[in-house]
Amino acid sequence: MIINSYRFVSAITPFPADYGTGALIAFGLKYLSSSYSGDVVRVRRSSDSTEQDFNPTEVTNGTLTTFVGAGDGFVTKWYNQGTGGSTYDATQTTSSQQPKIVDSGSLILRNGNASIKYNGSGQKLLVGTIFNIKFTHYLKNSLFVVQQPSQSTNPDAIYWMTGTDSSISGRRSYYVRYDDRSANGYNNDMVHVIGNNGVVLINGVTPKLQNIWSPNSLSVARVYSDPANSVASLRSKMTVNNATFLTQNTYTNSPSSNNAAGPLSIGAADETQTTNTWIDCISAYILYDEDVYLDDADIYSDLSTIYI
């Protein structure tokens, strides 16, 4: 088993979560922020459901797999390394919805890096209850996710990567998904939507970023949201790896002020979703509550160096 030696990213300055005023949330199994040095993940072992915290060294040096033994290890908490602190830790208390980090005694790896694996049937980690207001109302945000959608080269399916909600009444929606449903006209597409009770305000469905995601391949997805921008085409920018950003937008209304709180879900569109959730791995998840688009090339380069 080959494990990538970038346990710390101190050779890369700034760290991926250190741009602007610092990412509000940053999840990884490596250190992503220069100001964070604590544990990065809590794991439940399948043999007796005992839980334990681990730092990046312990994730990769055998401490984690020794703790888990021959069974499976599931993530119950992904510690926030960002400026928001523990208020924004990602947690999951329902055993069946906990993603996996150790499979039958072996650490799950992508490109030699420890990663968290989702099975597509409702596994998700949830962050706070104010994200639906903070990140889908009028404020700018910048999202970076190191992930791999599916281990099938042609899944012909739809997988939600992250979101606050797309269906619950009273909530505004924020989500990013992978879509390969050929019958619906999709082919490895990236979709980003912000809506309000089913009314799309920022629409990545038409147009969508077509044939951009490569299943069975690790990549860096980036999404910039600016819901209150007076220029409709600048309200949403998205890409994967080195592809050209999609900035087009056909809906010109400004966001509604009506909103209800809800958690941010990593691996699903919302906390209730049980089907078409993310399948395969997420290695890092960084969200800024500001626009760091001018630093996009540097952040992408940092994450690519560490993970890709």
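## Salt bridges, a buried serine and nonpolar cores

Arg177 and Asp179 are both buried, where buried means under 20% relative accessible area, exposed over 50%, and partly exposed in between (1.4 Å probe, protein chains only). The model is predicted: local features need pLDDT of at least 70, side-chain atom pairs count only at pLDDT 80 or more, and totals for chains, interfaces and linings use all residues. Residues are numbered from 1 along each chain as its sequence is written, and side-chain values use heavy atoms, with hydrogens and water left out.

**Salt bridges**

A salt bridge is a side-chain nitrogen of Lys or Arg within 4 Å of a carboxyl oxygen of Asp or Glu. The structure contains 8 of them, including those in the table.

| Salt bridge | Closest N and O atoms |
|---|---|
| Lys100 with Asp103 | 3.3 Å |
| Arg177 with Asp179 | 3.1 Å |
| Arg181 with Asp179 | 2.8 Å |

Asp179 counts as buried because its relative accessibility is 0%. Arg181 has a relative accessible area of 23%, so Arg181 is partly exposed. Salt bridges that share partners also join Asp72, Lys100 and Asp103 into one network.

**Ser150**

Ser150 sits in the loop that runs between strand E12 (141–149) and strand E13 (158–165). Strands (E, at least two residues) and helices (H or I, at least four) are DSSP runs, numbered from the N terminus. With a relative accessible area of 3%, Ser150 is buried. The side chain of Ser150 reaches the backbone nitrogen of Ser152 at 2.9 Å. Leaving aside residues up to four places away in sequence, Ser150 touches Pro155, Tyr159, Pro215, Asn216, Ile279 and Asp280; contact means heavy atoms within 4.5 Å.

**Nonpolar cores**

In soluble globular proteins, nonpolar side chains tend to be buried together. A nonpolar core is a set of buried Ala, Val, Leu, Ile, Met, Phe, Trp, Tyr and Cys residues joined through side-chain atoms within 4.5 Å. The largest nonpolar core here has 50 residues, of which Leu64, Trp78, Met190, Trp213, Ile266 and Tyr285 touch the most other members. Not counting residues up to four places away in sequence, the contacts of Ile266 include Phe27, Ala90, Tyr118, Leu125, Met161, Ile282 and Tyr285. Ile266 also touches Gln123, Lys124, Val127 and Thr162. A second, separate core has 20 residues, among them Ala17, Ala284, Ile286 and Tyr300.

Note on methods: Polar contact = N/O pair within 3.5 Å; in protein donor to acceptor, adjacent residues only side chain to side chain.
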